[in-house]
Amino acid sequence: MDTAVAIRGQARTDADTARAARRRILGFAAEQTVHLGSSLSVVDLLVAVLREAATGPAGTGDPNRERVLLSKGHAVWALYAVLAELGRLDPERLGPLAGHPADQVPGVDAATGALGHGLSIGAGLAEATRLRGRDERTFVVLGDGELNEGSVWEAVMFAAHRRLGRLVALVDRNGMQQEGATADVLDLSPLAAKWRSFGWRVREVDGHDHAALREVVRATADPADRPVVLLARTVKGKGVPFMEHSAAWHTGRLDRAQLDAALAVLGQDRTVARA
Amino acid sequence: MPEYAISAEPIAPPRAPTSTSTRMPRGMRPVIAEALAELGDIHHELVVLAADGRALALAFAERHPDRFIDVGIAEANLMGVAAGLARGGHRVVVCGMAPFLVRRAAEQLRLDLCRPGLDVTVLGVGGGVGYGTLGATHHVPEDLGTLAQMPGTRVFCPADVHDAAWAVREAVLGGGPAYVRLGAREDPQVYDLETRFSAQRPLLLGDPDTGAPGQALVVTAGATVAGALDAVAAVGPLGVSARVLALTAVSPFPRAALLDAAARADTVVTVEEHYAAAGLGAQTALSLAGHWRGRFRALAIDDRPAPVLDRTGLFRFYRIDSAAIVSALLDPNPLTE
């Protein structure tokens with residue numbers, strides 16, 4: 001069912017979907033403590049990739065579906081919200097919502113939450129797809145803070161060495177991690193050069209520009225003999241000006257006044273991702 | 001009457017211990033390598049992964065090159081790739097050196113493989129102190145307990161090549177996650193080709209069951225089985241009758257079989273190439289508690305740093321060798337220790 005995709009008979013844009021997903025995330029945060037900043041930053045990326053992933057979500061039983069792994073599992077609130085807006089998940093029917101993706105949740109291809117696991121699992125899925133003689137893609141969404149984990153770079157080396165051309169990594173490059181800027185905690189720069197030197201194709205994109213995201217995600221369907229990473233420049237807390245670029249909103253729970261204030265200004269931000 | 005249910009299934013009949021002189025040492029790796037290749041011949045969904053250590057996988061890789069992947073020296077990635085392959089419909093065997101698989105990739109093992117119950121078997125070469133003189137970095141006297149504490153995971157600790165070949169097939173074909181500790185060097189041969197193994201009904205070896213109370217029971221697994229049999233043979237002439245419960249599957253722990261075997265014993269001694277806290281000592285004590293009364297002694301590795309010794313020397317140092325078992329059987333609760 002895709003009723004959430006159509007509003008009053010009009011085609012819904014990705015921007016509409018993303019805005020509604022951000023409203024949902026804020027709603028989740030009124031009920032429990034959630035990872036707000038990174039959920040808000042990754043919404044547009046998830047809209048693009050979940051729209052693109054060809055053959056439906058996990059749980060459909062189709063072994064040949066394209067897979068989407070949210071390796072930065074703490075942003076699960078964005079996953080719940082976008083899946084709900086795409087009509088693939090009814091959060092009301094899940095019962096209490098877990099703070100990280102769990103198996104058995106529709107749309108979750110592997111439980112995550114401990115950082116640095118998803119890309120290896122994605123590489124294994126890509127190997128399985130290749131052994132079946134198929135060419136479905138495996139998408140893995142990572143955080144930039146997550147790239148501190150050495151296991152990520154084991155997987156990066158492995159995927160390039162194995163020429164996993166159907167593996168797509170997407171990095172939510174919001175420039176922040178729990179305690180502050182990635183540049184201050186453990187500098188990742190030059191990030192594109194790092195991935196390139198490890199043998200990956202690199203595409204850089206504005207992680208809040210829906211048209212650009214759709215185009216670059218769609219282009220990953222083109223045949224290739226090397227994996228590709230999309231480095232998506234994003235804003236932590238995107239959409240709520242007083243949460244943006246702020247480590248203070250890494251996690252949070254909103255009281256009524258804060259929720260009202262956030263909903264009132266949602267989408268009124270003019271911030272852009274820092275280069 | 002004992003308070004526990006005795007299974008209708010008979011315990012394997014006692015066998016006379018093989019004498020030490022006939023126990024020609026053999027390495028497990030060539031036998032397991034061929035077993036893996038044969039499994040690959042039959043099960044086309046089987047994929048074998050290695051981390052820059054191919055001895056176990058050579059035959060498989062020659063016969064099924066498209067289903068063999070060496071990920072390099074990267075154990076965390078190794079487990080994640082195994083998880084992805086298993087989620088993609090494959091049965092997966094992961095080979096490597098036990099200390100690095102178990103310790104370095106513990107989080108991936110637990111979260112990516114065991115928690116979701118994936119069909120992945122981890123073959124850990126040189127568990128316990130099997131790497132001897134290579135030292136502390138290569139010793140992992142906690143491998144069995146670590147894996148036993150992972151959800152839904154079957155853990156095997158075979159004693160020799162026949163036991164190991166059975167354990168690997170049982171692990172791979174049994175469904176769900178499994179770990180098998182394999183020897184890094186040569187192990188004494190304990191069993192013959194005709195021996196039939198069972199996960200729930202471990203072998204009872206040593207002296208015949210006298211049917212009378214007062215026999216001692218030695219509970220052990222893996223490389224300490226041979227020493228236990230030697231010890232039982234040594235104490236017989238001294239008037240101590242003892243049997244050996246030789247486990248291959250250590251988790252799930254075969255509690256019913258233990259309680260059956262211990263029912264008339266007045267002494268139980270556990271012997272393991274492992275720490276007692278998460279090993280046979282603890283599991284045996286937990287199973288016996290409230291159901292059995294007698295003298296109990298746990299021989300196990302302790303946390304003293306290992307001196308530079310081979311595996312035999314380390315067994316002596318940690319007092320898990322046949323001489324230590326003899327002492328325990330003759331005086332299970334010495335006041336001086």
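The axes of helix α2 (residues 36-52) and helix α8 (residues 210-218), both of chain A, come within 9 Å and cross at roughly 40°, where axes are lines fitted to C-alpha atoms, for helices over the stretch in contact, and angles run from 0 to 180 degrees between N-to-C directions. α2(A) and α8(A) are therefore oblique to each other (angles under 35 degrees count as roughly parallel, over 145 as roughly antiparallel, 65 to 115 as roughly perpendicular and the rest as oblique). The contact involves A:Asp44, A:Leu45, A:Ala48, A:Val49 and A:Glu52 of α2(A), together with A:His210, A:Leu213, A:Arg214, A:Val217 and A:Arg218 of α8(A); residues are in contact if their C-beta atoms, placed from the backbone, lie within 7 Å. The model is predicted, local features needing pLDDT of at least 70 and side-chain atom pairs counting only at pLDDT 80 or more, whereas totals for chains, interfaces and linings use all residues. Residues are numbered from 1 along each chain as its sequence is written, with chains lettered from A and ligands numbered from 1 in the order in which they are written.

Between the chains, 20 residues of chain A are in contact with 22 residues of chain B. On the side of chain A that touches chain B, α4 (118-131) and α5 (150-161) of chain A each supply at least two residues, and the largest share, ten residues, comes from α4(A). Helices (H or I, at least four residues) are DSSP runs, numbered from the N terminus.

In chain B, the domain assignment, automatic or from a database, gives domain 1 (26-187) and domain 2 (203-330). The C-alpha centres of these domains of chain B lie 26 Å apart, and 27 residues of domain 1 are in contact with 24 residues of domain 2.

Note on methods: Contact = placed C-beta atoms within 7 Å.
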